[in-house]
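Dear colleague,

Please find below the structure that I am handing over to you. My notes on what was found in it follow directly after it.

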Amino acid sequence: MRAVVYHGPGQKAWEEVPDPVIIDDTDAIVRVDVVTICGTDLHILKGDVAAVTDGRILGHEAVGTVESVGSGVKNVKVGDRVLVSCITACGACRYCRDGSYGQCLGGGGWILGHKIDGTQAEKVRVPFADTSTYAVPAGVSDEQLLMLADILPTGYEVGVLNGRVQPGDVVAVVGSGPIGLSAMMGARLFSPAHVIAIDMADSRLEAARTFGADIVINNSREDALQIVRDLTGGLGADVAIEAVGVPATFELAAQLARPGGHIANIGVHGQPVTLHLEELWIRNVTITTGLVDTYSTPTLLRLAQGHQVDTDQFITHHFTMDQFDEAYDVFARAADTGALKVILTRT
Ligand SMILES: NC(=O)c1ccc[n+]([C@@H]2O[C@H](COP(=O)([O-])OP(=O)(O)OC[C@H]3O[C@@H](n4cnc5c(N)ncnc54)[C@H](O)[C@@H]3O)[C@@H](O)[C@H]2O)c1
Ligand SMILES: [Zn+2]
Ligand SMILES: [Zn+2]
């Protein structure tokens, strides 16, 4: 089969590799029907994720068809259409029993396209198939469903639910990439008074309006803190969500939250960030952060099926799998190309 293989910083190729085989009896082999690229894959290609080594197949999001299953797989059958989640769950360890699958101690967590071969391939081995895949519900297309593999649960769990968004809240989201937009979409489910999108790219802010942001702020030329304070009688946002992953945006999110408010960090940070406790200690804020667990996937599947979340909006570009190089290029130049999520279909 063919797959996107990582060969060290800046190097990857769509190349011929051996087909995956069942190793453990809880594995399934899934034929990948649609797959996408994540911002995290770009981090890997920059060499930021040391655990990814030469020869690794990238990708941690897919929808596909089950080709074979190990003898221990009970719920997933050959021919089933399944969502392959970015998080693999053993289902039995202490964290999995709590629904904290991202922290799985039994060999799961974020492993696809990281510690084991991933989904940017014609086929993928999915460990713990019973607890790491989801049946495709009727009425939801493969492409729509693919948005539930990573970005939607991430924005919803690590942003909206950790941030405790409530009806009537003012929610400020710093960063309007796919993750920030997912947080806006998730926040809308709670009827907030305002959703404020903050980004430095106008193309991303235009997208944010279609995802439910009623106020957009380009913080390369506007003072986000002042605008949010003016809107809230000087108090600040009830919930400030960080969806970029650099020190400046975490510090901005921390300033944006009102006393008693929530600061929910989603961004993956590669550098130390200053926590201004000398200002925050007296403000009764709650700060949360985390890796997505995907415990909300069943809820999001029902919302997608009921058209309460419309994931089509994320999909900006279509390719076939043999166009992976072009797809990576378009996705990496998102500010110019307007890319949010690119879809690659099997040829
Ligand atoms: N916690 C998790 O489980 C988890 C899961 C997936 C992704 N992430 C992380 O979430 C973050 C966002 O992911 P994404 O795919 O949306 O990334 P992205 O790069 O597509 O979007 C980031 C956005 O931030 C904007 N931005 C950059 N600097 C800014 C600044 N100083 N002020 C305001 N906006 C700024 C960019 O213009 C861009 O639109 C990344 O750090 C990613 O690694 C976390
Ligand atoms: Zn991802
Ligand atoms: Zn586990």
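**Thr316 and its surroundings**

The side chain of Thr316 has a polar atom 3.0 Å from the backbone nitrogen of Leu340. A polar contact here is a pair of N or O atoms within 3.5 Å; within protein, one must be able to donate a hydrogen and the other to accept it, and residues adjacent in sequence count only if both atoms are side-chain atoms. Please note that this is a predicted model, in which local features need pLDDT of at least 70 and side-chain atom pairs count only at pLDDT 80 or more, while totals for chains, interfaces and linings use all residues. Residues are numbered from 1 along each chain as its sequence is written, chains are lettered from A and ligands numbered from 1 in the order in which they are written, and side-chain values use heavy atoms, with hydrogens and water left out.

Thr316 belongs to strand β14; helices (H or I, at least four residues) and strands (E, at least two) are DSSP runs, numbered from the N terminus. Thr316 is partly exposed, at a relative accessible area of 32%, where buried means under 20%, exposed over 50% and partly exposed in between (1.4 Å probe, protein chains only). Beyond its neighbours within four places in sequence, Thr316 is in contact with Gly338, Ala339, Leu340 and Lys341, contact meaning heavy atoms within 4.5 Å. Thr316 and Ala339 are 23 residues apart in sequence, and their C-alpha atoms are 5.6 Å apart in space.

**The zinc ion**

Three residues supply the protein donors of the zinc ion (ligand 2): Cys38 (SG), His60 (NE2) and Asp150 (OD), at 1.7 to 2.2 Å from it. Cys38 is in the loop between β3 (28-36) and α1 (39-45) and His60 in the loop between α1 and β4 (62-69), so this pair ties together parts that are 22 residues apart in sequence. Donors are N, O and S atoms within 2.8 Å of the metal (3.2 Å for Na, K and Ca); water is not among the atoms, so sites may look incomplete. The spacing of the donor residues in sequence is C-x21-H-x89-D. Cys38 and His60 are both buried.

His60 is also one of the residues touched by Ser85, together with Leu112, Ser132, Tyr134, Ala149 and Thr294, not counting residues up to four places away in sequence. Ser85 lies in the loop between β5 (81-84) and α2 (94-97) and is buried, with a relative accessible area of 1%. Ala89 is in the loop between β5 and α2 and counts as buried at 1% relative accessibility. Among the contacts of Ala89, leaving aside neighbours within four places in sequence, are Cys96, Tyr101, Phe128 and Ser132.

**The parallel sheet**

An open sheet is formed by 6 strands in the order β10-β9-β8-β11-β12-β13, with parallel pairing. Two strands pair if DSSP finds at least two bridges between them. At the edges stand β10 (215-218) and β13 (286-289), each with a single partner strand, so one side of each has no neighbour in the sheet. Neighbouring strands are turned by 15 degrees against each other on average, direction ignored; axes are lines fitted to C-alpha atoms, for helices over the stretch in contact, and angles run from 0 to 180 degrees between N-to-C directions. Helix α7 (residues 202-210) packs on the sheet, where it touches β9 (194-199) and β10, and its direction makes about 170 degrees with that of β10.

In strand β8 (residues 170-174), 5 of its 5 residues are buried. Val170, Ala172 and Val174 lie on one side of β8 and Val171 and Val173 on the other. The parallel strands β8 and β9 are joined by 5 bridges, and Val171 has Val195 of β9 as its bridge partner. Strand β11 (residues 237-242) is likewise joined to β12 (residues 257-265) by 5 bridges, with Ala240 opposite Ile263.

**Ligand 1**

Ligand 1 is surrounded by 21 residues, the closest being Asp199, Arg204, Val244, Gly290 and Val292; a residue counts as near if one of its heavy atoms lies within 4 Å. An oxygen atom of ligand 1 lies 3.0 Å from a backbone N or O atom of Ile179. A nitrogen atom of ligand 1 is 3.0 Å from an N or O atom in the side chain of Asn219.

With kind regards
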